[in-house]
Amino acid sequence: PSVPPPSSSTGAGARRPRVDPSNAEQLKEWLRGLDDGGGAFMQYYDVLESEFDADLVQIASAKVEGGVGLKAVDPSFWDTVRVQKAGHKIVFARGIAKLQG
């Protein structure tokens with residue numbers, strides 16, 4: 001019988017389950033698509049992976065129904081993902097608005 005590898009989450013508390021590889025790839029594609037492959041949004045990948053399990057459905061849940069522009073995204077999203085630049089917020093808001101939640 002095979003023995004599971006030892007847990008690598010020493011001191012990290014309750015670590016979330018491993019991210020689904022297809023979710024991870026979809027998230028990377030979505031981030032690249034936000035700036036037509038420029039790559040500026042890849043800096044947010046790690047936090048989106050850890051906070052949203054790299055799941056675009058969870059990211060889509062940040063949408064605020066009836067909101068317009070930056071108000072179309074729950075303000076806690078900006079804090080959680082640590083988005084500082086106004087231009088990045090605008091692009092994220094457009095991208096999130098297009099996600100199917």
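Predicted model: local features only at pLDDT ≥ 70, side-chain atom pairs only at ≥ 80, totals over all residues.
## Overall make-up

The secondary structure of the protein amounts to five helices and zero strands, so that reading along the sequence gives the pattern α-α-α-α-α. The protein has 101 residues, and buried residues make up 32% of them. Among the contacts with a separation of 6 or more, 56% are accounted for by residues 24 or more positions apart.

## How H1 packs against H2

Two packed helices are described by the angle between their axes together with the distance between those axes. For helix H1, which covers residues 21-34, and helix H2, which covers residues 45-52, the axes come within 11 Å and cross at roughly 140°. That angle makes H1 oblique to H2, because an angle has to be over 145 degrees to count as roughly antiparallel.

The crossing of H1 and H2 is right-handed. On the H1 side the contact is made by Ala24, Leu27, Lys28 and Leu31, while H2 contributes Tyr45, Leu48 and Glu49. Sorted by class, the residues of this contact comprise five nonpolar and two charged ones, with no polar residue among them.

## How H1 packs against H5

H1 also packs with H5, at an angle of about 125° and with the two axes 10 Å apart. H1 and H5 are therefore oblique to each other, and their crossing is right-handed.

In this second contact, Trp30, Leu31 and Leu34 in H1 meet Val91, Phe92, Gly95 and Ile96 in H5. The contact of H1 with H5 has six nonpolar residues and one polar residue, and no charged residues.

## The buried side of H2

Within H2, the residues Tyr45, Val47, Leu48 and Phe52 are buried. They lie on the same side of H2, because they cover an arc of only 165° around the axis. What covers these buried residues includes H1, helix H3 (56-60), H4 and H5.

## Loop residues with positive phi

With a relative accessibility of 76%, Asp36 counts as exposed, since the cut-off for exposed is over 50%.

Just after H2, Asp53 takes a positive phi of about 55°. Ala54, which is placed in the loop between H2 and H3, also has a positive phi of about 55° although it is not a glycine. Is Ala54 buried or exposed? Ala54 has a relative accessible area of 0% and is therefore buried, since buried means under 20%.

## Val83 between H4 and H5

Val83 has its place in the loop between helix H4 (75-81) and helix H5 (86-98). Although Val83 belongs to a loop, its relative accessible area is 3%, and Val83 is buried.

Which residues is Val83 in contact with, leaving aside its neighbours within four places in sequence? They are Tyr44, Trp78, His88, Lys89 and Phe92. Of these, Tyr44 is 39 residues apart from Val83 in sequence, yet the C-alpha atoms of the two residues are 8.1 Å apart in space.

Note on methods: Residues numbered from 1 in each chain as written. Heavy atoms only, no water. Axes fitted to C-alpha atoms, helices over the stretch in contact; angles between N-to-C directions. Helix = DSSP H or I, 4+ residues; strand = E, 2+ residues; numbered from the N terminus. Parallel < 35°, antiparallel > 145°, perpendicular 65-115°, else oblique. Left-handed = near helix turned anticlockwise from the far one by under 90°. Contact = heavy atoms within 4.5 Å. Nonpolar A, V, L, I, M, F, W, Y, C, P; charged D, E, K, R; others polar. Buried < 20%, exposed > 50% of the residue type's maximum accessible area, 1.4 Å probe, protein only. Arc of directions from axis to C-beta.
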